[in-house]
Amino acid sequence: MTPFVNLSEEEQQFLCDVRKFVDEYVFPQTREWEKDTFPADIWKRCAALGLTSVVLPKEYGGRGYSCVTYAEMCRILAHGDPALAMNVAAVNALCVAHFEKFANDEQRAKYLPSILNGDCPLAWGLTEPLAGSDARYVQTKATPIPDRPGYFHLNGEKMFTTNGGFAGLIIVIARLDEENLSAFLVEKDQPGVIDKGRIETVGVKASYTWRFEMKDAIGWHTPGSFEDVISLLYRGRVGIGAMALGIAEKAFELGKAYSKERVQFGRPLAKMQSVQNMIADSSMEIEAARLLVLKAAAMYDRGEPIVKEASHAKLFASETARNVTNRMLQIFGGRGMMPEYLIEKLWRDAKLTEIGEGASEIQRLIIAKQELS
Ligand SMILES: Cc1cc2nc3c(=O)[nH]c(=O)nc-3n(C[C@H](O)[C@H](O)[C@H](O)COP(=O)(O)OP(=O)(O)OC[C@H]3O[C@@H](n4cnc5c(N)ncnc54)[C@H](O)[C@@H]3O)c2cc1C
């Protein structure tokens with residue numbers, strides 16, 4: 001995946017460890033996890049491997065790896081379990097990165113040790129019932145608590161919070177006044193945070209997607225404007241693009257193998273031209289997605305703005321994941337619709353990549369705005 005980019009020996013070793021973890025631990029359980037969710041110790045395991053501290057600078061106890069390494073990790077994890085890839089991607093790019101950019105020393109000292117050892121899993125709460133793509137419409141209100149500088153009461157409702165079921169701490173985006181929004185650290189285990197239940201989804205089913213209400217929940221302010229806080233989504237979208245790429249690669253591997261095994265009309269499917277066309281188109285799209293993800297990640301590592309490039313990568317890779325899983329399921333024929341074959345799961349999991357962290361229509365708006373400004 002990494003032509004033109006030199007990874008350090010440490011980063012290369014890390015990615016080997018991730019591959020081993022995926023092959024030996026994640027992939028064998030992906031179907032089992034889908035019946036409910038990840039095992040209770042998942043975040044301890046991920047933390048022990050460094051999966052939750054990839055992007056955090058070394059000075060804060062993280063690995064301090066490049067965005068290219070982060071993208072590679074997301075891609076490899078998606079080969080084993082797309083739901084886990086999505087969770088790890090969000091925890092790094094939206095949550096742990098928030099501590100780097102917006103938390104103060106006191107907040108880092110209080111929470112980072114238990115985040116980094118896996119005792120305090122994280123979640124990121126922007127989306128609400130009335131505020132999805134129109135994220136600025138967030139209605140959750142933040143009101144300063146008298147005599148407790150830096151602390152606010154939060155009132156409102158959040159939905160689609162990835163990892164909410166496991167999280168010990170949620171980064172909540174809330175409204176300070178008519179104009180201004182900002183982010184708050186909200187401990188889940190407090191009376192003001194009310195569980196509104198798990199949201200079942202058609203894909204990435206193992207992910208514990210959560211809905212919750214806040215009634216005078218106590219939030220610790222991490223000052224930063226709305227625009228600053230959601231700018232974390234740029235690197236986040238590179239991670240979701242890499243996850244989509246991983247799904248497409250896995251589906252492609254399965255489809256190619258099946259096309260060589262399955263014989264109809266006296267010859268393998270792979271010998272039939274319409275199947276070869278599906279293989280050729282998928283090969284080309286996967287390669288293009290890989291280059292767009294890598295380009296955005298490498299630009300991020302060089303400190304260049306990636307607003308447009310992150311959307312290119314996410315949009316193209318997610319549509320590639322949709323197209324490739326769809327074609328490969330077609331190659332499996334009726335068996336493609338059976339749960340005995342993994343392809344149907346990848347086809348369902350791919351859908352999330354066209355919706356989460358900004359749906360495809362929003363990515364197109366961002367790209368067009370960049371081109372026309
Ligand atoms: C599994 C899963 C996990 C998620 N995890 C998180 C999380 O951890 N934290 C979090 O905060 N959110 C999370 N989300 C929410 C996700 O980011 C939103 O679902 C997404 O941004 C779309 O918002 P919406 O669902 O409200 O759709 P809507 O905004 O209602 O959009 C519906 C459709 O209309 C289109 N549309 C909307 N506005 C426009 C426009 N101006 N022009 C053209 N088309 C438009 C959209 O593209 C979409 O196709 C998650 C969602 C899912 C499904």
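Predicted model: local features only at pLDDT ≥ 70, side-chain atom pairs only at ≥ 80, totals over all residues.
User: Where is helix 4, and how many residues has it?

Analyst: Helix 4 covers residues 67–80, which is 14 residues. From first C-alpha to last, helix 4 reaches 20 Å. That is close to the 20 Å expected at 1.5 Å a residue.

User: Which residues have the most contacts inside the largest nonpolar core?

Analyst: In soluble globular proteins, nonpolar side chains tend to be buried together. Here the largest nonpolar core has 122 residues. Cys74, Leu77 and Val293 have the most contacts inside that core. Val293 touches Ala71, Val238 and Ala313, among others.

User: How do I read the packing of helix 1 and helix 4?

Analyst: Two packed helices are described by the angle between their axes and the distance between the axes. Helix 1, residues 9–26, packs with helix 4 at about 15°, and their axes are 9 Å apart. Angles under 35 degrees count as roughly parallel. The two helices are therefore roughly parallel to each other. Helix 1 passes helix 4 in a right-handed crossing.

User: Which residues meet there?

Analyst: The helix 1 side includes Phe14, Leu15 and Val18. The helix 4 side includes Met73, Ile76 and Leu77.

User: Is Cys16 buried or exposed?

Analyst: Cys16 lies in helix 1. Cys16 has 11 other C-beta atoms within 10 Å, so this residue is exposed.

Note on methods. Residues numbered from 1 in each chain as written. Helix = DSSP H or I, 4+ residues; strand = E, 2+ residues; numbered from the N terminus. Expected span 1.5 Å × (residues − 1). Core = buried A, V, L, I, M, F, W, Y, C linked by C-beta atoms within 7 Å. Buried ≥ 20, exposed ≤ 12 C-beta atoms within 10 Å, placed from the backbone. Contact = placed C-beta atoms within 7 Å. Axes fitted to C-alpha atoms, helices over the stretch in contact; angles between N-to-C directions. Parallel < 35°, antiparallel > 145°, perpendicular 65-115°, else oblique. Left-handed = near helix turned anticlockwise from the far one by under 90°. Lists of a residue's contacts leave out its neighbours within four places in sequence.
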